[in-house]
Amino acid sequence: MKEVVISGTGVFTPPYSISNDELVASFNAYVDLFNAEHADEIAAGTVEAKSYSSSEFIFAASGIESRYVMEKEGILDPHRMCPSYPPRGDDEPSLMAEMALDAAKVALEMGGVEASDVDLILCAASNMERAYPAMAVEIQALMGAGGFAFDMNVACSSATFGIQTAADMIRAGSIKRALVLCPEITSGHLEWRDRDCHFIFGDVATAVLLEAADVATKPQFKLLSSRCATQFSNNIRNNNGFLRRAHDQMDDRRDMQFMQNGRKVFKEVLPLVSQHIAQHMQEEEQDPTSLKRLWLHQANKSMNDYIGKKVLGRVPTPEEQPNILQDYANTSSAGSIIAFAQHGEGLSQGDLGLICSFGAGYSVGSVVVEKL
């Protein structure tokens, strides 16, 4: 079995940022419009009045201060409250592919690898721009990569599931190099008109270059082991899909966008992730307290603080458990990879770190790496 290394990472950051204050101003303007339009129903008790959001509420609930998006005006328009993208022709590159390509170029340059030497493009993301053809195959064509490509969707755990999938292929000898790409346009599936979730997500794209150790020229980390697990729950869900019109459900139903039962998610996901990491480390006969860095899924600061304390047996320092969600918000599959890419320095040779993502499914994936 071949050894697997991570030779490069890349992050594409969208051109626009929305602060909590900007988001709240837009949301509260929408609330005023909604309550005025439905004043009679609200007075009659048939429609519930909407409540204002606040920057203080958002930060206390999530630790998020801002988020990056691919389009800003449509999101902040209280009459629209969703992104607005001009249509593209079938002969033009898709938006997701362009984002992924940008991140991929950074990862390839870091690893000293040409696109034509890549055997696998794996597009692992929550929100595919289309059903088919696969986004990964389009990215492969735009890059000029070899081999084959396919899409993978395990929601917020897509990156770690993708890393394990690619690493297993490298170990087996079927490929030598792979790019795991996570382009996330989460602003498209977020319900910006819902006070409980309108602040959660942001857009981004990440890339991870994996190679067989015997062909890598600039390896950064050795991939020691990985584990994936799933347990069905629809407490985080989006019911939109191609059967929507078949059920005569073309109306603007709330469950056709991102939904979650936050309290149940907290209660059920936190022990699931903590136990998963503990079991992973035990099976590999590694002491969790030996981990020098935790690159966790960036969904909520309180969740990460809980998991970090469970894993290390104490409160992690900001260096040990870096957070990026204050700037990027929740970027679904990409969050742990942003943290890994931006906070991989300062480790000594032989230091161990853990990449972990978790979310809808439920799903959880963990990857133990060693600094080279």
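**A loop and its surroundings**

Mentor: Glu285 is in the loop that runs between helix H8 (262-283) and strand E11 (291-296); helices (H or I, at least four residues) and strands (E, at least two) are DSSP runs, numbered from the N terminus. The model is predicted, so local features need pLDDT of at least 70 and side-chain atom pairs pLDDT 80 or more, while totals for chains, interfaces and linings use all residues. Residues are numbered from 1 along each chain as its sequence is written, and side-chain values use heavy atoms, with hydrogens and water left out.

The phi of Glu285 is positive, near 55°, in a residue other than glycine. Most residues other than glycine have a negative phi, and most peptide bonds are trans. Glu285 counts as exposed because its relative accessibility is 76%; the cut-offs are under 20% relative accessible area for buried, over 50% for exposed and in between for partly exposed, with a 1.4 Å probe and protein chains only.

Ala155 also has a positive phi, near 55°, and sits in the loop between strand E5 (148-152) and H7. Ala155, at 16% relative accessibility, counts as buried.

Helix H7 (residues 158-172) has 15 residues that should span 21 Å at 1.5 Å a residue, and its end C-alpha atoms are 21 Å apart, which agrees; the expected span is 1.5 Å times one less than the number of residues. Twelve of the 15 residues of H7 are buried, among them Phe161, Ile163, Met169 and Arg171.

One runs from Tyr132 to Pro133, with omega near 0°, and Pro133 lies in the loop between strand E4 (120-124) and helix H6 (135-143). The other joins Gly361 and Tyr362, with omega about -10°; Tyr362 is in strand E13 (residues 361-371).

Now the rings. Nine aromatic pairs turn up in a search of the whole structure. Tyr30 and Phe34 make a tilted pair, because their ring centres are 6.2 Å apart and their planes meet at 45°; rings of Phe, Tyr and Trp (its six-membered ring) pair if their centres lie within 6.5 Å, and planes under 30 degrees apart count as stacked, over 60 as edge-to-face and the rest as tilted. Both residues lie in helix H1 (residues 20-37), four residues apart, about one turn of the helix, and Tyr30 and Phe34 are both buried. Phe148 and Phe150, in turn, are stacked, 6.4 Å centre to centre with 10° between the planes. Phe148 is partly exposed at a relative accessible area of 35%, and Phe150 is partly exposed at 25%.

Lys50 lies over the face of Phe34, 4.8 Å from the ring centre; a charge sits over a ring if NZ of Lys or CZ of Arg is within 6 Å of the ring centre and within 35 degrees of the ring normal. Arg195 lies over the face of Phe57 at 4.1 Å from the ring centre.

Tyr30, Phe34 and Lys50, along with Arg193 and Asp252, lie nearest the centre of the second largest pocket, which is lined by 13 residues. On a 1 Å grid over the protein atoms alone, a pocket is an open set of points where a 1.4 Å probe fits, with protein on both sides within 12 Å along at least five of seven lines, and lining residues have an atom within 4 Å of a point. The second largest pocket holds about 280 Å³ of space, a volume being the space filled by probe spheres set on the points, which are joined across faces, edges and corners. Its lining divides into three nonpolar, one polar and nine charged residues; Ala, Val, Leu, Ile, Met, Phe, Trp, Tyr, Cys and Pro count as nonpolar, Asp, Glu, Lys and Arg as charged, and the others, Gly among them, as polar.
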